[in-house]
Amino acid sequence: MTNEKNYRIGIDLGGTNIKVGIVDQSQKIIASHSVKTLANRDYTEVIKDMADAVLFVLEKTGISLSECKALGIGSPGCIDSKNGIVVFAGNLNWEHVPILQELKKYIDLPMGLSNDANCAALGEVVGGAAMEYDNAIMITLGTGVGGGIVMDKKIFEGGHAGGAELGHITIVSGGEYCTCGRHGCFEAYSSATALIRDTKRAAQQHPESLLNTLCNGNIEEINGITPFDAAKKGDAAGKEVVENYIKYLGEGIVNMVNIFRPDVVLLSGGVCNQGTYLTDPLNAYIKKYCFAGERAFIPPIIRATLGNDAGIIGAASIVE
């Protein structure tokens, strides 16, 4: 047994599952374990299960705590990383939970906490698609729109809890309702949920469209792939949905480039499986509309590569 600190522990806390991974010096997950969150319980029970999951995966690999340098947690919601507190996480039913203080009752390691999307962005910078870059913005296109900002290879969260919520910049004043309670947010136009909503509307407005054929006449079967499949086959309604989606997504990215001017913009989530069919027009859009155009630096828009591992790898790297 050695006392060299060759490993880090990353925890990806979600509303459904708690995922724990041991990360080595090459930013690879060498072992992992997942347990149900069961978020309807008291937070102390959930955190005890987190600790048990960490100790289980260490025992499974034969690695001791003394060989681990640090532990990091990526959590959904509004995070006070300085004080180790989950200020608010709706899908956990948590408010002002001192997660690090509670976890230290079971595990004696340096610990850090950040928002799960921030951790995923950091994961891509330290061990994924953005390893050659110091400054990156990642946008996750899922049920909502998550985002993470990495500057000088460190998570940028703003001065206080609740910063860097990229999904909740306004794209259309007074526009579509957003789950945050406002109208016109980036999330309300660029999430997979928004894409499906707009595809259903187009299918209803254009009964002759391939959109209806592809879902067998049942619009509840429409998913994020449907409009792209229709567009690729020349369907006018499908093309319009995709073009509008790319326009709104492009607008959000332009805003972020104009504010941060990162080295690279990363996209993750199921919509990104469209590959260059999505990224090529987005790259063209930001070249056209970013401040100063191609006279200034235009970051490439590329796909993230770590998938579901990004959160664990990034969380493990929170503590320097």
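A: What follows starts with the aromatic pairs and then moves on to the cores, strands, cysteines and loops. The model is a predicted one, and five aromatic pairs are found in it. A pair of aromatic rings is described by the distance of the centres and the angle of the planes. For Tyr 43 and Trp 94, the centres are 6.4 Å apart and the planes stand at 75°, so this pair is edge-to-face. Tyr 43 belongs to helix H1 (residues 43-61) and Trp 94 to strand S7 (residues 94-97), so the pair ties together parts that are 51 residues apart in sequence. Tyr 43 counts as partly exposed because its relative accessibility is 26%, whereas Trp 94, at 3%, counts as buried.

Another of the pairs is made by Phe 156 and Phe 260, which are also edge-to-face, with 6.0 Å from centre to centre and 65° between the planes. This pair links distant parts of the chain, since Phe 156 is in the loop between strand S11 (154-155) and helix H4 (187-190) while Phe 260 is in helix H8 (residues 236-260), 104 residues apart. Phe 156 has a relative accessibility of 37% and so counts as partly exposed, and Phe 260, with a relative accessible area of 21%, is partly exposed as well.

Rings also take part in arrangements with charged side chains. Arg 197 lies over the face of Tyr 189, at 5.9 Å from the ring centre, and Lys 232 lies over the face of Tyr 277, at 5.0 Å from the ring centre.

The largest nonpolar core has 46 residues, of which Ile 139, Ile 253 and Leu 278 touch the most other members. Two or more residues are given to this core by each of strand S9 (136-141), strand S10 (145-151), H4, helix H5 (192-205), helix H7 (226-232), H8, strand S12 (264-268) and helix H9 (276-289). With 11 residues, H8 gives the most to this core. If neighbours within four places in sequence are left aside, the contacts of Ile 139 include Val 145, Phe 186, Ile 253, Met 256, Val 265 and Leu 267. There is also a second, separate core, made up of 33 residues, and among its members are Ala 51, Val 57, Val 97 and Leu 109.

All five of the five residues in strand S8 (residues 111-115) are buried. Strand S8 pairs with strand S4 (residues 68-75) in the parallel sense, over five bridges, and Gly 74 stands opposite Ser 114 in S8.

The cysteines come next. A disulfide is a covalent bond between the sulfur atoms of two cysteines, and the structure holds zero of them. Cys 68 is in no disulfide, for the nearest cysteine sulfur, that of Cys 119, is 17 Å away; at 1% relative accessibility, Cys 68 counts as buried. For Cys 180, the closest cysteine sulfur is that of Cys 185 at 3.7 Å, which is too far for a bond. Cys 180 counts as partly exposed, because its relative accessibility is 40%.

Asn 273, in the loop between S12 and H9, counts as exposed at 59% relative accessibility, and its C-alpha atom is separated by 39 Å from that of Lys 104, a residue 169 places away along the chain. Gln 27, in the loop between strand S2 (17-23) and strand S3 (29-36), counts as buried at 18% relative accessibility. Apart from neighbours within four places in sequence, Gln 27 is in contact with Val 126, Gly 127, Ile 313 and Ser 317.

Finally, the backbone deserves a word. Most residues other than glycine have a negative phi. His 96 is not a glycine, yet its phi is positive, at about 50°; His 96 is placed in strand S7, the strand in which Trp 94 lies, and counts as exposed at 56% relative accessibility. Asp 152 likewise has a positive phi, near 50°, and is found in the loop between S10 and S11, where Asp 152 is exposed with a relative accessible area of 57%.

Definitions and conventions: Residues are numbered from 1 along each chain as its sequence is written. This is a predicted model: local features need pLDDT of at least 70, side-chain atom pairs count only at pLDDT 80 or more; totals for chains, interfaces and linings use all residues. Side-chain values use heavy atoms; hydrogens and water are left out. Rings of Phe, Tyr and Trp (its six-membered ring) pair if their centres lie within 6.5 Å; planes under 30 degrees apart count as stacked, over 60 as edge-to-face and the rest as tilted. Helices (H or I, at least four residues) and strands (E, at least two) are DSSP runs, numbered from the N terminus. Buried means under 20% relative accessible area, exposed over 50%, partly exposed in between (1.4 Å probe, protein chains only). A charge sits over a ring if NZ of Lys or CZ of Arg is within 6 Å of the ring centre and within 35 degrees of the ring normal. Two strands pair if DSSP finds at least two bridges between them. A nonpolar core is a set of buried Ala, Val, Leu, Ile, Met, Phe, Trp, Tyr and Cys residues joined through side-chain atoms within 4.5 Å. Contact means heavy atoms within 4.5 Å. A disulfide is a pair of cysteine sulfur atoms within 2.5 Å.
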